[in-house]
Amino acid sequence: MVDDSYNPHEIEPRWQALWADERAFSVPNPSPGEPEWDERSTYVLEMLPYPSGELHMGHVKNYTLGDVVAHFRRRNGWRVLRPMGYDAFGLPAENAAIKEGGQPREITERNIARIREQMQRMGWAIDWDREISTHTPEYYRWTQLLFLKLLECGLAYRKESLQNWCPNDQTVLANEQVVDGCCERCGAEVEKRSLEQWFFRITDYAEALLDEMELLEHWPERVLTMQRNWIGRSEGAELVFRVEGTEIDLPVFTTRPDTLFGATFFVLAPEHPLVTELVAGRPEEEAVRAYVKQAQTRSTIEREEKAKEGVFTGRNVINPVNGKRIQIWVADYVLMEYGTGAIMAVPAHDERDHAFALSHGLPIVQVIAPQQGEVDVQSEAYVSSSIDDVLINSSEFSRLPSPEGKRSIINWLSAVGLGEKKVSYRLRDWLISRQRYWGCPIPVVYCEHCGVVPVPEEELPVLLPEVSDFLPKGRSPLATAEGWLQAKCPSCGGEARRETDTLDTFVDSSWYFIRYCDPQNTAEPWNREIVDHWMPVDQYIGGIEHAILHLMYARFFTKALNDLGMVGFREPFARLFTQGMIHHLGAKMSKSKGNVVMPNPYVERYGADAVRLNILFMGPADQDAEWQDNGIEGTSRFLGRLWRTVLDAAEKPARKPKAPTSLIRKAHQTIAKVTDDIDRRFAFNTPIAAVMELVNEINRGPDDPGVRFAAETAVSLIQPYAPHIAEELWQRLGHERLWCEPWPAYDESLLEQETFELVVQVNGKVRDRLLASAEASKEELVELARSSPRVIALLEGRELRKTIVVPRKLVNLVV
RNA sequence: GCCGAAGUGGCGGAAUUGGUAGACGCGCUGGACUCAAAAUCCAGUGGCCUUCGGGUCGUGUGGGUUCGAUUCCCACCUUCGGCACCA
């Protein structure tokens, strides 16, 4: 007898080869005007991987989720765009080149080849004809072009400012890449350095990034909340304080203009440009300079941990509302990056100002009082801004409720030209320069005569030259590429130097989803008609760790491109699903902890279908989950059971019984459950359980005439999860090509069994369970319940007060 | 400190609209098959009590609403995530 047991190692490569041969999942773009444009089409996308060379379980979860959605939609009659590519620039390859030698490009391309092979071994239904990689000149040529477009409209600019510097990676970092004062990538404590760098003016889009969240109906609320927090919009006012005895005006931002009468001192950030001028030639000059110098050497973490320090400048400002003079201090609890780098300090109503006032003996004046009760602002700041609070000690504004006080004071100040309403954001412009090699060259040159000159579009791409030394030295390794460095100024033809910094890799991934729509276009980054057809992405799937960084940058890019007329939509991702992370040994998987789980050994042992099934069976996909080795034993065992059950059923006659059997009803219920879970609920673990139940049911009643239909249903429903075994079994059931087969439909009338277990409660407690007909009327159910001997015993001698009947479920008798 | 999510058997989890708590899977126990093992199949599996009929407790804790609460309301505890010297 031939061994016909389930052997994934035989069937999986066979089907994968067939899919590749037939380009089963390729979806070409129709030519404009073709009728196919009218067909239902959808774009399912997962975040593209960084090609580290080895697929890990996080990727498996991500792409299997996308696979289930894509298969499901295709079988429901949609043309599904489902591409794949590589976010191939970035530090790991460069660091590997430093450590082990070789070129980052070679290392990256070797890794891409490996990860591609592993992805294909997982059997994901991807349109491989659209594959892209961000490190290729064919791609980054257009990244450069987009940079030039943003430069042209003023959204890209250079400025000198205080920046986050990672001493380990020897490069600047965007604000978003600093976590708890440390480098998000390597964990080194971030320093502040003043440097001239390239930025994208994302702050211009702060309002749009908030307002247009309306277009993101299907985004998880927590992602939106994180982005809202990050953007940090606050409403308030900008007020102007005049430095006493000068013409110098110092604006401040405050969210509490109603506390203006309580401003008892004034504070400048150490980096504030006017500090030097204010103290020049004064007795305090030396002390202030010393303090500023000391503050600069402190890391963000140190600044936050220590007690509030500062120095008096010897200068005063005039409070615009009452003409009072108050002292100007310099203290590093005021940040240059936020607001105007200067504050009016109201110690009675701000904790930080309060702490500072206490340690430096500055006055504390209460100007806000709760409607009821007393507060002692000398011992503790009263920071509440309840709408019931009223202003006190505020001249003609006293007694006004707080919100009205805010309005009145702003109105008064704007009437005299000393203040106005203002909205401030926590969001900073996106720092995009990196002093590293393995990234997209920034296409500008520096000319002695003409300054910063963009490289003309027709000269793109500015190719990344090969260099031999990648060791970070605080400037880009590109500065050592002598021949490459020199260029002609496109404007005057004179000597020019190329920009040696490269772009943050988040720039590369801020538009890749558009390029997928038209990946081979060599004339332009994309054809707008094609892009507008596919975009926005209907379902985007990726890790929650990108809630702010990638997702906000991509949103910004899309809005900017829309304003430039290059795309016809405002948001890139209509729906977003964020998967939870896979943990192992109680912690996030990470190389440094050595707890990264790779799918490969499991694929070799159990096959890709078992791995795919297991990763989604572990629990709700949006939650974190712990990888456990014995789980896959279970799913693999299930596939073996499915295999035997279906092969047995394949022996049974193919004709369908006339009357619906219990197994046929069960099959219809399972179709309804799986369809609803995938489509509406976005639940991916419970459909697997439902199919398992169906298979168990088949094994319990192998003589039911509906067995073959039930088996076919099980195979068809499990196909998005385990496509190889499903194809194989489908074929053995006498069909072909399940992946093109329509998704099974269910018959509404078969969703209920003919009989059900009636739960009989007395006073809300379950006392009996009886078999009842699904058609029984309420009265019949009550009668049935009351006929139960156990119920009769309980009701004896008691008065029935109330009867509750839930059709097809229960009867509750209240006595 | 502020905002958000979550707490259910030995474990991962299910219960979708307030209606049988623990589906499905793992693990464990017993049995079948086998010379034996693996694989597979069958049965059992929340705690306590039990005269083996059943009783009783049970979804983080304490209250409340309801005939009935894992589900709704209030307070609290714990864990995780985000933000945090942002004026």
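# Close-up views of a predicted model

**View 1. Histidine 583 and its partner across the strands.** In S30, histidine 583 has glutamate 626 as its bridge partner. The two strands here, S28 (residues 582-584) and S30, run parallel and are joined by 2 bridges. Like every view in this set, this one comes from a predicted model.

**View 2. Strand S34, covered on both faces.** Look at S34 (residues 810-814) and you'll find that 5 of its 5 residues are buried. As a general point, side chains in a regular strand alternate between the two faces of the sheet. In S34, one side carries Leu810, Asn812 and Val814, and the other carries Val811 and Leu813, all of them buried. So what sits among the buried residues on the side with Leu810 and Val814? That would be Asn812.

**View 3. The neighbours of S34.** Strands of a sheet pair through backbone hydrogen bonds, either parallel or antiparallel. Strand S31 (residues 755-762) runs parallel to S34, with 4 bridges joining them.

**View 4. An antiparallel sheet of four strands.** This open sheet has 4 strands in the order S22-S21-S24-S23, with antiparallel pairing. Which strands sit at the edges? They are S22 (451-454) and S23 (486-488), and each pairs on one side only. From one strand to the next, the twist averages 45 degrees. Zoom in on S21 (residues 444-447) and S22, and you can follow 4 bridges in the antiparallel sense. Tyrosine 446 stands opposite valine 452 of S22.

**View 5. Two helices crossing.** Two packed helices are described by the angle between their axes and the distance between the axes. Here, the axes of H19 (residues 608-617) and H22 (residues 686-700) come within 8 Å and cross at roughly 115 degrees. On the H19 side, the contact is made by Leu613, Leu616 and Phe617, which meet Ile688, Ala689 and Met692 of H22. By class, that contact is 6 nonpolar residues, with no polar and no charged ones.

**View 6. Two cis prolines in loops.** Most residues other than glycine have a negative phi, and most peptide bonds are trans. The bond from leucine 460 to proline 461 is cis, with omega near 0 degrees. Proline 461 lies in the loop between S22 and helix H13 (482-485). The bond from methionine 535 to proline 536 is cis too, with omega near -10 degrees. Where does proline 536 sit? Its place is in the loop between helix H16 (528-534) and strand S26 (539-543).

View 7. Serine 395 has a positive phi of about 50 degrees, even though it is not a glycine. Serine 395 lies in the loop between strand S17 (390-391) and helix H12 (402-415). Arginine 399 is in the loop between S17 and H12 as well, and has a positive phi of about 80 degrees, again without being a glycine. Is arginine 399 buried or exposed? Arginine 399 counts as exposed because its relative accessibility is 74%. Serine 395, at 48% relative accessibility, counts as partly exposed.

View 8. The structure holds 1 cavity of 30 Å³ or more. About 50 Å³ of space lies in the largest cavity. Which residues line the largest cavity? The lining is made up of Asp469, Leu471, Lys473, Arg475, Ser476, Pro477 and Thr480. Sorted by class, that gives 2 nonpolar, 2 polar and 3 charged residues.

Terms used: Residues are numbered from 1 along each chain as its sequence is written. Chains are lettered from A and ligands numbered from 1 in the order in which they are written. This is a predicted model: local features need pLDDT of at least 70, side-chain atom pairs count only at pLDDT 80 or more; totals for chains, interfaces and linings use all residues. Side-chain values use heavy atoms; hydrogens and water are left out. On a 1 Å grid over the protein atoms alone, a cavity is a set of points where a 1.4 Å probe fits but cannot get out, and a pocket is an open set with protein on both sides within 12 Å along at least five of seven lines; lining residues have an atom within 4 Å of a point. Grid points are joined across faces, edges and corners, and a volume is the space filled by probe spheres set on the points. Ala, Val, Leu, Ile, Met, Phe, Trp, Tyr, Cys and Pro count as nonpolar, Asp, Glu, Lys and Arg as charged, and the others, Gly among them, as polar. Axes are lines fitted to C-alpha atoms, for helices over the stretch in contact, and angles run from 0 to 180 degrees between N-to-C directions. Contact means heavy atoms within 4.5 Å. Buried means under 20% relative accessible area, exposed over 50%, partly exposed in between (1.4 Å probe, protein chains only). Two strands pair if DSSP finds at least two bridges between them.
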